[in-house]
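Please keep the sequence and the structure in view while moving through the paragraphs.

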Amino acid sequence: MLEGKNVNLRVMEKEDLPLFADWVNTPEFFGEYNPLRQTSKTEIEKGYEKNSLELGEFIIEKKDGSKIGYICHFTLVHPVGKLLEIGYSLVPNERGKGNGTEAVEIMVDYLFLSKDIMRIQACTDTRNHASQKALEKTGFKKEGTMRKYLFLRGELRDAYSYSILREEWKEPKILTKTP
Ligand SMILES: CC(C)(COP(=O)(O)OP(=O)(O)OC[C@H]1O[C@@H](n2cnc3c(N)ncnc32)[C@H](O)[C@@H]1OP(=O)(O)O)[C@@H](O)C(=O)NCCC(=O)NCCS
């Protein structure tokens, strides 16, 4: 368990898959700036077992144990450097309270503390201000616009590319007491 101030990140277990399937199949969960997706529990279980993107998947929990979201790191299909990408989402009624920023901060600390990587990256639809602010508050820098990068609700949308380098991170912000 990775412990933050208001939320913790807990590795996603097989037992979490029914809840995760409910989230995946509820369009509001990933929201208007992520692809619309409907996936059966069977497919989700197969994907979890196969883990082709080398996903590291975590449930975002509040201190009382309630499950409020999902955050993952993954290896790009054609990795060319020492880097990982992250993605995240919260249930709608837990957004706008700082939980997303804290989950990203914990993930960045965890990845730079545990993996031999130079860079963590993320991409967001250009309209997704909450995600952009969460990244910027964690120290990510906007690198540029990826044109027609996301297929969302029937159209191709531009996305911003963000990254944080190890030298910009310098030291843990949240996981300071992790032995
Ligand atoms: C993106 C997301 C994880 C951000 O987490 P969050 O808990 O809502 O964000 P925070 O409360 O930590 O807020 C981060 C900053 O964004 C701002 N913000 C929050 N919601 C916002 C909104 N709808 N519009 C503009 N700014 C917003 C906050 O004010 C805060 O900035 P501040 O500290 O300067 O005030 C969450 O909104 C979410 O799950 N959205 C749907 C899924 C999604 O888009 N995932 C990311 C795909 S790239």
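**A walk through the model**

Phe74 is found in strand 4, where strands (E, at least two residues) and helices (H or I, at least four residues) are DSSP runs numbered from the N terminus. The structure is a predicted model, in which local features need pLDDT of at least 70 and side-chain atom pairs count only at pLDDT 80 or more, whereas totals for chains, interfaces and linings use all residues. Residues are numbered from 1 along each chain as its sequence is written, and side-chain values use heavy atoms, with hydrogens and water left out.

Phe74 is buried, with a relative accessible area of 17%; here buried means under 20% relative accessible area, exposed means over 50%, and partly exposed covers what lies in between, with a 1.4 Å probe and protein chains only. The C-alpha atom of Phe74 is separated by 4.5 Å from that of Leu55, although the two residues are 19 apart along the chain. Leu53, in turn, belongs to the loop between helix 3 (41-50) and strand 3 (56-62), and at 34% relative accessibility it counts as partly exposed. Between the C-alpha atoms of Leu53 and Leu150, which are 97 residues apart along the chain, the separation is 18 Å.

The ligand provides the next point of orientation. It is surrounded by 20 residues, the closest being Leu90, Gly96, Gly98, Thr101 and Lys137, where a residue is taken as near if one of its heavy atoms lies within 4 Å. Several elements contribute to this shell: strand 5 (83-90), helix 4 (99-114), strand 6 (119-125) and helix 5 (129-138) each supply at least two residues, and helix 5 gives the most, with five.

Asn128 instead uses its side chain, a polar atom of which lies 2.9 Å from a ligand oxygen. Taken alone the ligand exposes 930 Å², and the protein buries 71% of that, the areas coming from the Shrake-Rupley method with a 1.4 Å probe.

Charged pairs form another theme. Side chains of opposite charge can pair when their charged atoms come close. A search of the whole structure finds 12 salt bridges, each being a side-chain nitrogen of Lys or Arg within 4 Å of a carboxyl oxygen of Asp or Glu. One of them joins Asp116 to Lys82, with the closest N and O atoms 2.7 Å apart. Because Asp116 lies in the loop between helix 4 and strand 6, and Lys82 in the loop between strand 4 (67-74) and strand 5, this pair ties together parts that are 34 residues apart in sequence. Asp116 is exposed, with a relative accessible area of 58%, while Lys82 is partly exposed at 46%.

Lys141 counts as partly exposed at 48% relative accessibility, as does Glu168 at 30%. Arg157 and Glu155 also form a salt bridge, with their closest N and O atoms 3.2 Å apart, and salt bridges that share partners join Asp125, Arg127, Glu155 and Arg157 into one network.

The cysteines tell another story. The structure holds zero disulfides, a disulfide being a pair of cysteine sulfur atoms within 2.5 Å. The sulfur of Cys72 is 11 Å from the closest cysteine sulfur, in Cys123, which is too far for a bond. Cys72 counts as buried at 7% relative accessibility, whereas Cys123 is partly exposed at 24%.

Two backbone details remain. Lys148, found in strand 7, has a positive phi of about 50 degrees although it is not a glycine, and counts as exposed at 54% relative accessibility. Lys170, in the segment after helix 6, has a positive phi of about 65 degrees, again without being a glycine, and at 68% relative accessibility Lys170 counts as exposed.

Note on methods:
A polar contact is a pair of N or O atoms within 3.5 Å; within protein, one must be able to donate a hydrogen and the other to accept it, and residues adjacent in sequence count only if both atoms are side-chain atoms.
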